[in-house]
Amino acid sequence: MMSDMSQSAALDRRERVRNGLSRRHRGEAIFRGIGIAAIAIALALVGTLFWQVLSKGLPAFTQATLHLDVTFDEDVITAGPAPLRSDYASAAQYEAAFLDWRRALAGINWAALIEQAVRAEMPELDAEASDIRRLVDNNAGLTLRQMYQDDPALLNQTLNVALLGSADTDNWLKGTIDRSLPDARQQLSAVTRAIADRFAADGVISMDFAWHIFTNTDSRTAPASAGLAGAFVGSLYMMLVVVVLAVPIGVASAIYLEEFAPKNRFTDLIEVNINNLAAVPSIVFGLLGAAVFINYFRLPISAPIVGGLVLTLMTLPTIIIATRSSLRQVSPSLRQAALGLGASRTQMVFHHVLPLTLPGILTATIIGVAQALGETAPLLLIGMNAFVANIPGTPLDQSSALPVQIYLWQGNENRNFFEARTSAAILVLLGLMITLNAIAIFLRTRLERNK
C-alpha cells in the first residue's frame, strides 16, 4: 500500500515538473517571439524611413539640363574686347579698366543668347521671350557671362553649353506636378511645356548628375542651382570646433572625476549636474549660446565658431559620461598592479589605464560629434538660419549648416522641387554621419588589435 502511494506521489511530482517545464518553455517561446517581433517592427519602420528618403532624394541628384549650341554674338555682346595689361602704364589703371569691362558685361542681356540658341533648335517656334527664358535657370545667363569673361576669344564662336533647366522645367519633366491640371494651375505656360517635351524627346534636355548640389551655395533667385556647399563647409567648421574643444575637455574631466577627484558631496554634486545636463533639451543650449557668446562676448552671429561652442557645451556631458564608463570597465587589478610596481597615480592612469580605454573614448567622441552634427534647434537661435550666399572661409564667417539647410528647404514654397532636394540633403547628412561612424569603427578596431 505504501509502495503504491509512493509511486503515485512520484508520478504527481513528475507531472508537476513536466507542466512547469512546459509553462517555462512556452513563456520563453512567447518572450522570444515578442523580441523577434519588436526587432522586425523596428527594422520595418527604419526601412520605411530610409525607403521614403531614398525614393524621394535620389531623383534630386539628377536635374534637367539643356545642351544648346550658343553663339556668342558680337551684336549682343557689346562690351568690347577685354583690356590688356600691356595697354596700360600701371597695374592700377589696368585694374580700373578691367572692372569697367566687367561692369559692361554685367549689363549685357545674356538671356538673348539663350533665346537665339533655343530658336535655332526649333526654327518653327512661335513663342515669347519670357516663355523661353522660363525654360532655364535664372543663373544660366551668369554661366555664359562667366565663360566669356574667362575666355573673351569666344566672341562670334558657337559652343555647345550645358545650362541648368529651371526648377519648374525639372518638375514638369520628372512628373512631380500633375500634367492634367489646367493651364492656370501649371507652373509653366503651355508653350514652355511644349518646348520642354520636344527638347526632352530630341535629347536636347537630359537628366544629368547634379554636381552643383555639392559645389554651389543656397540660392533664392535661382532655386534650380541651389546647393549645399556653404552649409556643408559650415558644418565641418562646427565639427572641427567641437572636436578641438569638447574632446580634450570632456576626456580630461572624466579622467579627473573618475581617477583623481575625492569622493565627497561636491564631486557628487558635479556628477549629478553632468547627468542632468545630458538630458537638457538642445534648444536651451541655443538660448545660452545666444546670451553668452553673441550678446556678451560679441562673437559674430550666424558664425560656425558660435555654433561650434554651443554644440561643444551640448556634447560635453555625453563625452564625460561615456569616457567615465570606459574607465570603470578597466579591471581594478591593473591599477593595483601598476601602483604595486612603483608607478605613480598619474603614470598608472596615462600609461596603463588610458590606453585600454581609447576605443571606448573614441566611440564616445564620435557619438557626441554625430549627435551634434544633426542638431538644428540651437543653431536656429544663434542665427544660422540666415540666408548666406557664400562659402565660409573661416569659422568666423557667416554660414549655414546642413541640418538648418534641410529645415529651410523643407519650408520652401516650391514644394514640388524642394521636397526631393530636402531628401537629397538628408542623404548627404546621413552620408557624413555614416562616414564618421565608419571611421570610428575602423580606428576602434585598430586600437583593439594593438592592445
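# Exercises on cavities, pockets and salt bridges

A search of the whole structure, which is a predicted model, finds two cavities of 30 Å³ or more.

## Exercise 1

Describe the largest cavity by its volume, its lining and the helices that supply the lining.

Solution. 
- Step 1. The volume of the largest cavity is about 90 Å³.
- Step 2. Its lining consists of 16 residues, and those nearest the centre are D218, A231, V388, S400 and Q405.
- Step 3. Helices α9 (229-260) and α16 (402-410) each contribute at least two lining residues. The biggest contribution, three residues, is that of α9.
- Step 4. Sorted by class, the lining of the largest cavity holds eight nonpolar, seven polar and one charged residues.

## Exercise 2

Which residues line the second largest cavity, and which helix gives the largest share of that lining?

Solution. 
- Step 1. The space in the second largest cavity is about 30 Å³.
- Step 2. The lining is formed by D168, N171, W172, I177, Q186, Q187, L188 and R193.
- Step 3. Helix α6 (residues 167-174) provides the largest share, with three residues.
- Step 4. By class, the lining of the second largest cavity comprises three nonpolar, three polar and two charged residues.

## Exercise 3

Is helix α6 largely enclosed or largely open? Name its buried residues.

Solution. 
- Step 1. A residue is buried when its relative accessible area is under 20%.
- Step 2. The residues of α6 that are buried are A167, D168, T169, D170, N171, W172 and L173.
- Step 3. That makes seven of the eight residues of α6, so the helix is largely enclosed by the rest of the structure.
- Step 4. After α6 comes G175, which has a positive phi near 80 degrees.

## Exercise 4

Describe the largest pocket, then the second largest pocket.

Solution. 
- Step 1. The largest pocket has about 280 Å³ of volume. Of the 16 residues in its lining, T143, A162, L164, H212 and N216 are nearest the centre.
- Step 2. Three elements, α5 (140-150), β2 (158-164) and β3 (205-209), each supply at least two residues of this lining. The classes are eight nonpolar, six polar and two charged.
- Step 3. Four nonpolar, four polar and three charged residues make up the lining of the second largest pocket.

## Exercise 5

How many salt bridges does a search of the whole structure find?

Solution. 
- Step 1. The search finds 13 salt bridges. Side chains of opposite charge can pair when their charged atoms come close.
- Step 2. E419 and K56 form a salt bridge at 3.1 Å, N to O. E419 belongs to helix α17 (residues 415-449) and K56 to helix α1, so the pair ties together parts 363 residues apart in sequence. E419 is partly exposed, at 33% relative accessibility, and K56 is partly exposed at 35%.
- Step 3. R103 and D100 form a salt bridge at 2.6 Å, N to O. They are three residues apart in helix α2 (residues 91-106), which means about one helical turn separates them. R103 is exposed, with a relative accessible area of 55%, whereas D100 is partly exposed at 46%.
- Step 4. E124 and R198 form a salt bridge at 2.8 Å, N to O. This pair links distant parts of the chain, 74 residues apart: E124 sits in the loop between α3 (111-121) and α4 (129-133), and R198 in helix α7.
- Step 5. E258, E271, R324 and R328 are joined in a network of salt bridges.

## Exercise 6

Which residues make the nonpolar surface patch of about 430 Å², and where is F50 found?

Solution. 
- Step 1. The patch is made by V46, L49, F50, L54 and L58.
- Step 2. F50 is in helix α1 (residues 2-57).
- Step 3. With a relative accessibility of 37%, F50 counts as partly exposed.

Conventions: Residues are numbered from 1 along each chain as its sequence is written. This is a predicted model: local features need pLDDT of at least 70, side-chain atom pairs count only at pLDDT 80 or more; totals for chains, interfaces and linings use all residues. Side-chain values use heavy atoms; hydrogens and water are left out. Patches are made of residues with over 30% relative accessible area and no salt bridge: like charges are joined within 9 Å, nonpolar side chains (Val, Leu, Ile, Met, Phe, Trp, Tyr) within 5 Å. Accessible areas come from the Shrake-Rupley method with a 1.4 Å probe; for residues, only the protein chains shown count as cover. A salt bridge is a side-chain nitrogen of Lys or Arg within 4 Å of a carboxyl oxygen of Asp or Glu. Helices (H or I, at least four residues) and strands (E, at least two) are DSSP runs, numbered from the N terminus. Buried means under 20% relative accessible area, exposed over 50%, partly exposed in between (1.4 Å probe, protein chains only). On a 1 Å grid over the protein atoms alone, a cavity is a set of points where a 1.4 Å probe fits but cannot get out, and a pocket is an open set with protein on both sides within 12 Å along at least five of seven lines; lining residues have an atom within 4 Å of a point. Grid points are joined across faces, edges and corners, and a volume is the space filled by probe spheres set on the points. Ala, Val, Leu, Ile, Met, Phe, Trp, Tyr, Cys and Pro count as nonpolar, Asp, Glu, Lys and Arg as charged, and the others, Gly among them, as polar.
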